Amino acid sequence: MKNNNKYTISAFQAAKQCKCPRCRTGKMFDGGMFRIKGQKMKKSCPHCGFKFEMEPGFFYVSMFVSYAFSVAQFVAVCIATYVLSGGSESPWVYLIACTLVTIVLSGVNFRYSRVIQLYWLTPNLNFNERYYEDNLKRNTESTGSLIAS
């Protein structure tokens with residue numbers, strides 16, 4: 001069966017949903033984004049078996065991505081706080097606002113910094129249509145019809 005791209009999920013949509021970069025089908029994380037106990041990344045893709053941490057220390061790069069996210073969030077929060085507070089000069093207002101946003105968005109930073117590293121900062125990792133087609137065949141056989149997304 002030839003894949004004609006109308007069933008293939010886009011890289012951006014798969015990254016947004018935290019799907020495996022190789023098959024764009026399996027989930028990369030267990031549980032929700034805002035868990036109290038913290039984030040849990042799966043060791044490998046449940047669909048294609050791709051090992052997410054290719055080598056020890058592979059996700060150190062994602063710390064830099066997370067840092068860039070945090071800086072962008074701090075700048076946005078400080079500007080918003082300045083505008084909403086009427087130009088407050090108290091450093092405590094900015095410190096509290098930045099701390100609250102950092103705590104609330106820590107799960108987002110963790111998750112999407114790793115997704116960005118796997119999708120766009122790992123040059124030897126590409127989408128493999130064969131793994132996606134295997135999933136499409138399985139779905140077609142189980143439902144008896146072709147389901148278009």
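## Surface and overall make-up

The protein exposes about 9600 Å², and carbon and sulfur atoms supply 61% of that area, where accessible areas come from the Shrake-Rupley method with a 1.4 Å probe and, for residues, only the protein chains shown count as cover. This is a predicted model, in which local features need pLDDT of at least 70 and side-chain atom pairs count only at pLDDT 80 or more, while totals for chains, interfaces and linings use all residues. Residues are numbered from 1 along each chain as its sequence is written, and side-chain values use heavy atoms, with hydrogens and water left out.

The protein has five helices and two strands, and from the N terminus on its elements run in the order α-β-β-α-α-α-α; helices (H or I, at least four residues) and strands (E, at least two) are DSSP runs, numbered from the N terminus. Of the 149 residues, 35% count as buried, meaning under 20% relative accessible area, whereas exposed means over 50% and partly exposed lies in between (1.4 Å probe, protein chains only). Among contacts (heavy atoms within 4.5 Å) between residues at least 6 apart in sequence, 65% join residues at least 24 apart.

## Helix 2

How does the span of helix 2 agree with its 24 residues? At 1.5 Å a residue, helix 2 (residues 61-84) should span 34 Å, and its end C-alpha atoms are 35 Å apart, which agrees; the expected span is 1.5 Å times one less than the number of residues.

The buried residues of helix 2 include S62, V65, S66 and S70, together with Q73, V77 and T81, and what covers the buried residues of this helix includes helix 3 (91-104) and helix 4 (106-120). After helix 2 comes G86, whose phi is positive, near 75 degrees.

## The largest nonpolar core

A nonpolar core is a set of buried Ala, Val, Leu, Ile, Met, Phe, Trp, Tyr and Cys residues joined through side-chain atoms within 4.5 Å. In the largest one, which holds 21 residues, F52 and L118 touch the most other members. Helix 1 (11-16), helix 4 and helix 5 (129-143) are the elements that give two or more residues to this core, and helix 4 gives the most, with three residues.

Not counting residues up to four places away in sequence, F52 touches residues that include C20, P21, M28, M41, F58, F59 and L118.

## Cysteines

The structure holds zero disulfides, a disulfide being a pair of cysteine sulfur atoms within 2.5 Å. The sulfur of C98 is 3.6 Å from the closest cysteine sulfur, in C78, which is too far for a bond. C98 counts as buried at 12% relative accessibility, and C18 is also buried, with a relative accessible area of 4%.
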